[in-house]
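Reader: I have a structure here that I have not looked at before. Can you walk me through it?
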Amino acid sequence: MKFLICALLVAASYVAASEIKLEEGVIVATVDNFKQVIADNEFVLVEFYAPWCGHCKALAPEYAKAAQQLAEKESPIKLAKVDATVEGELAEQYQVRGYPTLKFFRSGSPVEYNGGRQAADIISWVTKKTGPPAKDLTSVDDAEQFLKDNEIAIIGFFKDLESEEAKVFTKAANALDSFVFGISTNDDVIAKYEAKDNGVVLFKPFDEKKSVFEGELNEENLKKFAQVQSLPLIVDFNHESAAKIFGGSIKSHLLFFVSKEAGHIEAHVDPLKEIAKKYREDILFVTISSDEEDHTRIFEFFGMNKEEVPTIRLIKLEEDMAKYKPESSDLSAETIEAFLKKFLDGKLKQHLLSQELPEDWDKQPVKVLVSSNFEEVALDKSKSVLVEFYAPWCGHCKQLAPIYDQLAEKYKDNADIVIAKMDSTANELENIKISSFPTIKYFRKEDNKVIDFNLDRTLEDFSKFLDANGEVADAEPAEESEEEEAAPKKGRVVN
């Protein structure tokens, strides 16, 4: 009898441990049931999340929507989620280092998910990983259902699947995980969509509803076509669109800062659609709403306040972000187009943030630099200048302040040395980019050689460095220290 009771208890505990729950169509995976979830399903996309993570909260409704739509299609693909703050063993096993982290398990083997964060993007990515690169559309009914199931879809129309053009299309379809591709040789399908042989059409629910590929049919051109034409003429910046905006092939963006509540879209943005269409291959038009509290950091990044809307900025994404500001506050279509032409012709000068020069900038032992007086002071070949590039909010900068003041007091009567500082959150320099705070650079007199200060931030080491005119063995440029606080990346706007 005791044996029977023990056996029943063991069986009951096994059932409880392996119980699998669903929340809005998403499997709730735990340490106890994870192996079973993966073993029972050939294809599983798993999100490792933290309940407090803002990006996880933004992803949640799209993730649930994708799971539900896949279930409605009776797809073998399942979506699961793991609370990494509770199921730490799983998070450690799969090397989760940030949230959300998504991994796709195919027959038990995980690969990193690198698709978008909207339901359509998720479905497109996992579908591509589990089937042919392009779905074969053998009838009009197939094509209509395909377009009904996918908001954005690209179809290639080829009479001969062995043609070079068809092979290029299939290769591009295989490479672009974020897009859904179909392919058809059916005469009725080709006639239905008025397509040419070797034609490619992108179907979408906005703007002109479909875009026809033109030009040489190669993988690179198809990739750009998909990325450009899948976005609206004017894109609204939000959590979901950010990755497409900054991860796309177009690196020049016209940012229109507006208040939707104040009617700026209708008054200033809608009239730009023809211009956006004209320049869509070169410049992406983006709106950023001042009504969204989450966008406050973006305004700070550009040195703006929300009272300045409506206004525009132009950015070019390279290793560092180049920013351009129009001279005029006129937001008419004609003025904006002239601004864009000037940019494309290379006739615009970068807009760099700068504070007003304080009247007493040189009255204290630590001299205050802003963009306008930096070159005059730091690059004065008659003196050596030590500059601390800091951020007002940086804790390490605050810790350094009293030591830096002592250093300046010590060398205030030395005619050959200047101790200075610059707030790099409010002042930008064209040729010097700051990636962490505090960054300390020494501009040596006579030759203007720039030497990074990488010793301990003590009065003794600062003095040793200055007395040696920067020629200290440990003062070579180094990797960013873990003690330094990272500056906002200039290559992207953080939401």
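Reader: What is the mean pLDDT of the chain?
Author: This is a predicted model, with a mean pLDDT of 88 over the chain, and 92% of the residues reach 70 or more.

Reader: Over which residues is the pLDDT below 50?
Author: Residues 1-17 have a pLDDT below 50, and beyond near neighbours in sequence that stretch has two contacts in the model. Over residues 488-495 the pLDDT is also below 50, but there the model has 22 contacts beyond near neighbours in sequence. Where pLDDT is low, predicted coordinates should not be read in detail.

Reader: On to sheets. In what order do the six strands come?
Author: The order is β1-β2-β4-β3-β5-β6, in an open sheet with mixed pairing. β1 (21-23) and β6 (109-112) are at the edges with a single partner strand each, so one side of each has no neighbour in the sheet. From one strand to the next, the twist averages 35 degrees.

Reader: In which sense do β3 and β4 pair, parallel or antiparallel?
Author: Parallel, over seven bridges between β3 (residues 43-49) and β4 (residues 77-83). Glu47 stands opposite Lys81 in β4.

Reader: Which strands does α5 lie across?
Author: α5 lies across β3, β4, β5 (101-106) and β6, and runs at about 30 degrees to β5.

Reader: And at what angle do α3 and α5 pack?
Author: About 50 degrees, with the axes of α3 (residues 54-72) and α5 (residues 119-130) 8 Å apart. That angle makes α3 oblique to α5. The crossing of α3 past α5 is right-handed.

Reader: Which residues meet there?
Author: From α3 they are Leu59, Glu62, Tyr63, Lys65, Ala66, Gln69 and Leu70, and from α5 they are Ala119, Ile122, Ile123 and Val126. By class, the contact of α3 with α5 has eight nonpolar, one polar and two charged residues.

Reader: How many bridges between β10 and β11?
Author: Three, in the antiparallel sense, with β10 covering residues 199-203. Leu202 is opposite Ser211 in β11.

Key
Residues are numbered from 1 along each chain as its sequence is written. This is a predicted model: local features need pLDDT of at least 70, side-chain atom pairs count only at pLDDT 80 or more; totals for chains, interfaces and linings use all residues. Side-chain values use heavy atoms; hydrogens and water are left out. Axes are lines fitted to C-alpha atoms, for helices over the stretch in contact, and angles run from 0 to 180 degrees between N-to-C directions. Helices (H or I, at least four residues) and strands (E, at least two) are DSSP runs, numbered from the N terminus. Angles under 35 degrees count as roughly parallel, over 145 as roughly antiparallel, 65 to 115 as roughly perpendicular and the rest as oblique. A crossing is left-handed if the near helix is turned anticlockwise from the far one by less than a right angle, and right-handed if clockwise. Contact means heavy atoms within 4.5 Å. Ala, Val, Leu, Ile, Met, Phe, Trp, Tyr, Cys and Pro count as nonpolar, Asp, Glu, Lys and Arg as charged, and the others, Gly among them, as polar. Two strands pair if DSSP finds at least two bridges between them. pLDDT is the predictor's confidence in each residue, from 0 to 100.
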